[in-house]
There are 2 protein chains.
Amino acid sequence: MRVEISKSDSHVLKCEYAVRGEIVTLAQQLQQELLAKPGSHPFDEILYCNIGNPQSLAQQPITFFREVLALCDHPAILDRSETQGLFSADAIERAWQILDQIPGRATGAYSHSQGVKGLRDTIAAGIEARDGYPADPDDIFLTDGASPAVHMMMQLLIRSEKDGILCPIPQYPLYSASIALHGGTLVPYYLDEAAGWGLEPSELKKQLEAAKAKGISVRALVVINPGNPTGQVLSEDNQRDIVEFCKKEGLVLLADEVYQENVYVPDKKFHSFKEISRSMGFGEKDISLVSFQSVSKGYYGECGKRGGYMEVTGFSPEIREQIYKVASVNLCSNISGQILASLVMNPPKVGDESYESYSAEKDGILSSLARRAKTLEDALNSLEGVTCNKAEGAMYLFPCLHLPKKAIKAAEAAKTAPDAFYARRLLDATGIVVVPGSGFGQVHGTWHFRCTILPQEDKIPAVVSRLTEFHKGFMDEFRD
Amino acid sequence: MRVEISKSDSHVLKCEYAVRGEIVTLAQQLQQELLAKPGSHPFDEILYCNIGNPQSLAQQPITFFREVLALCDHPAILDRSETQGLFSADAIERAWQILDQIPGRATGAYSHSQGVKGLRDTIAAGIEARDGYPADPDDIFLTDGASPAVHMMMQLLIRSEKDGILCPIPQYPLYSASIALHGGTLVPYYLDEAAGWGLEPSELKKQLEAAKAKGISVRALVVINPGNPTGQVLSEDNQRDIVEFCKKEGLVLLADEVYQENVYVPDKKFHSFKEISRSMGFGEKDISLVSFQSVSKGYYGECGKRGGYMEVTGFSPEIREQIYKVASVNLCSNISGQILASLVMNPPKVGDESYESYSAEKDGILSSLARRAKTLEDALNSLEGVTCNKAEGAMYLFPCLHLPKKAIKAAEAAKTAPDAFYARRLLDATGIVVVPGSGFGQVHGTWHFRCTILPQEDKIPAVVSRLTEFHKGFMDEFRD
């Protein structure tokens, strides 16, 4: 007898993850059809703007990072003379340093459950250099990307559906999915689109009180800065408000800071929530704070390597022990990802052989991303009935669609949300894949989509012209 | 205000993981003390026999595998002439093959949520060659080692504490930990120590009925073959009994087959549960079966790379969709681990340049493991009041300690389980780290410990003599 899983009461069934949802499955089908039968669609390739996966769109990895990874994978070549010709001298030196930090130089062994101690030392030093405040290697938990770290914290914080987590709306659906998988309740707080997706402290208070009135015990607040899908960089004032609020209400502050290197506007700068907290005079005893970082984003974009860490401060030893236990059950994160996390927090410095090429690669990627963000932002704002906030950071734009009533009716008739209807039409007409705003949450009655800024720069004009032409046709068809 | 996590009703607090538990923390402290003050203990090094982590004990990785990984990490060197001198020709060829299977050759991109399709093709072909029955790449989900795959299935199967999972006792504590973390109920079935840790079908039936009588809905049965911590290789008859039972009772069969290459006795052979099921004439419609495999075990022992897969057969499309969704939320497993999983399922073949060195490395590791297993098994059986089953497979021995009443009383006075008392004494006297049987579960009133067979072969005589001397002293102290 084959097993069926009953639909009642399953946390899994409640979980949704639009970034790889229906529209992406459909795009993959179209891609197969194009391969099997060229010319079968009005476009010759699928343009994936649905996911922050830079290297899938031909962004090249940073050479120095890959040199070090290769040498750590196969240390037997480290003292061969041919290696000198193939690898930069500082990559060879760094590989030796890293191997010496790994007990027995065994890159194929499980590490300490929190990750290799020497790599955590490097990361802590990197955090210290970034923030200007001390960081403790014992506070670092290395993880396979940021997602498992988020799951670990949700697992720890959520005991039942009576436990709530305050999440921004719109939010990256990892959070709603993880809260659903762990059987908790998402307590929304709405970002203010009119204020560049900023955050109003009174909104936090209002939503907290509303949740309490429903018997929900709110345990933590998620903040994503720079924002996903919204692309804003929070002001320092806003950050201080959030810290103050979490401290006052006794909430764990879960700070998703994976886009910390992705800031594209000169008037904004990334500040970690730890830096902000410490600058307000709040230490270990005042606030429980978790900061998530990943090797998947930034200028490195090493999504496939699954590296990342969380820095965990302000918890009691008893809770630290529980976090450690959950990490132990999963043994450790992958060592290549661990090494890469140490590299992104300690890249080549002035004077190192690789510094110039490293800087050129890094600046090339970041300046191109900034140009792409601006071009797409301008293009979106030039469309009839579309408004798009400034792309200050991260890798996304989240334009608002002011759809004609006729389009909304047509969506209803097709039994789909209006933004999903728009995204589906866009895909069918142009091959451009975006994620409907409903996958991230939005103010009731407003419609959006998330579009990455990641297509190769020479493809951006095509994205713009296809999108513009499609939108014009769409409006011509549905204009009230 | 700092946050405290309330102790009531937390799945995390209920979870235990002895393999990295108290005794290991203590061993790490002793190691620090030895470093800081040589001579401060009656031994000069800690011998970690607590965890199946071969490369931490100087087992060398397979050269061919590491060559391919390094080349895939830094493909820029693939067509440089120096590379020919540094890497074997078939490693270079394999790296090209693998890169061509990865869209855009982007080893730094998230892959398909189930893993790179071409790598899954390779793995499916490897399974087919192993079993003699077809395997479908769409049934393969690549994961960061086997542990996340087990968690995924538990997440899917467990809706509340009324859902039960049949687990062998003794068991690998990943299972009890994962069931606790997901809020389900472990339904034990006892392996028969007197029958070489074999399995009695009537025991399965009895425990299933007992669970049902308590209102537990039993959804799946875990079987670990070769056994952890018990080291047995199940007979084909036993395997058929298990398949028949799961089919009849409508249970998902979760087959932990990560030790499939670790069989040390000539009269036993590994058969996958899929092979057994298919040979009984049971297909997709008859039984829901999940097989877990990992790059951490076998002769490869690549624990730090976190590679593995599960092969999922006999589920409805609706459930497959849910498994896919959970995989999607985690984006994908790390690409190096994915590549390694494809390599272990498709190692060099006769005629390939690396075949001879590969075979020599593989046979060297496996024959040494077999010798170490036998030496330790004999040594344990020669101890007063200790009986140890044959080490047929996996990486562990699980001897039974017939402890004197006086030792049990001393343990009670020290407020610890008798086997934990023994393990602690062993550590303090010899530096040998084993895991008390209570961490795995055992028949009430019996006492065991788990000891890996992994210390380097030249250290085995020291392990044996230190253990023998300690045990003699222990018995002299506590003999009734």
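User: How many residue pairs are in polar contact across the interface of chain A and chain B?
Analyst: The rule finds 24 residue pairs, both partners at pLDDT 80 or more. A polar contact is a pair of N or O atoms within 3.5 Å; within protein, one must be able to donate a hydrogen and the other to accept it, and residues adjacent in sequence count only if both atoms are side-chain atoms.

User: Which helices of chain A supply at least two residues each to that side?
Analyst: They are α1 (11-14), α3 (63-73), α4 (81-86), α7 (146-157), α8 (174-181), α12 (317-329) and α13 (335-344). Helices (H or I, at least four residues) and strands (E, at least two) are DSSP runs, numbered from the N terminus.

User: Which one gives the most?
Analyst: α3(A), with seven residues.

User: Before we go on, what am I looking at?
Analyst: This is a predicted model: local features need pLDDT of at least 70, side-chain atom pairs count only at pLDDT 80 or more, and totals for chains, interfaces and linings use all residues. Residues are numbered from 1 along each chain as its sequence is written, chains are lettered from A and ligands numbered from 1 in the order written, and side-chain values use heavy atoms, with hydrogens and water left out.

User: How many residues does the contact take from each chain?
Analyst: Chain A gives 88 residues and chain B gives 89. Contact means heavy atoms within 4.5 Å. The two chains bury about 7,800 Å² between them, 54% of it on carbon and sulfur atoms. Buried area is the accessible area (1.4 Å probe) that two parts lose on being put together, summed over both.

User: How many salt bridges are there between chain A and chain B?
Analyst: Two. In one of them, Lys305(A) meets Asp73(B) at 2.4 Å, N to O. A salt bridge is a side-chain nitrogen of Lys or Arg within 4 Å of a carboxyl oxygen of Asp or Glu. Over all chains, the structure holds 51.

User: What rotation superposes chain A on chain B?
Analyst: One of 180°, with 0.0 Å of shift along its axis and an RMSD of 0.0 Å. That is the relation of a two-fold axis. Ala70(A) has the chain A C-alpha nearest the axis, 2.1 Å from it. Copies are superposed by least squares on the C-alpha atoms of residues with pLDDT of at least 70 in both.

User: Why do the copies meet through the same surface?
Analyst: Because 100% of the interface residues of chain A are also interface residues in chain B.

User: New topic. Where are the cis peptide bonds you'd point out?
Analyst: One joins Ile169(A) and Pro170(A), with omega about 0°. Pro170(A) lies in the loop between β3 (163-169) and α8 of chain A. Another runs from Asn228(A) to Pro229(A), with omega near 10°. Most peptide bonds are trans.
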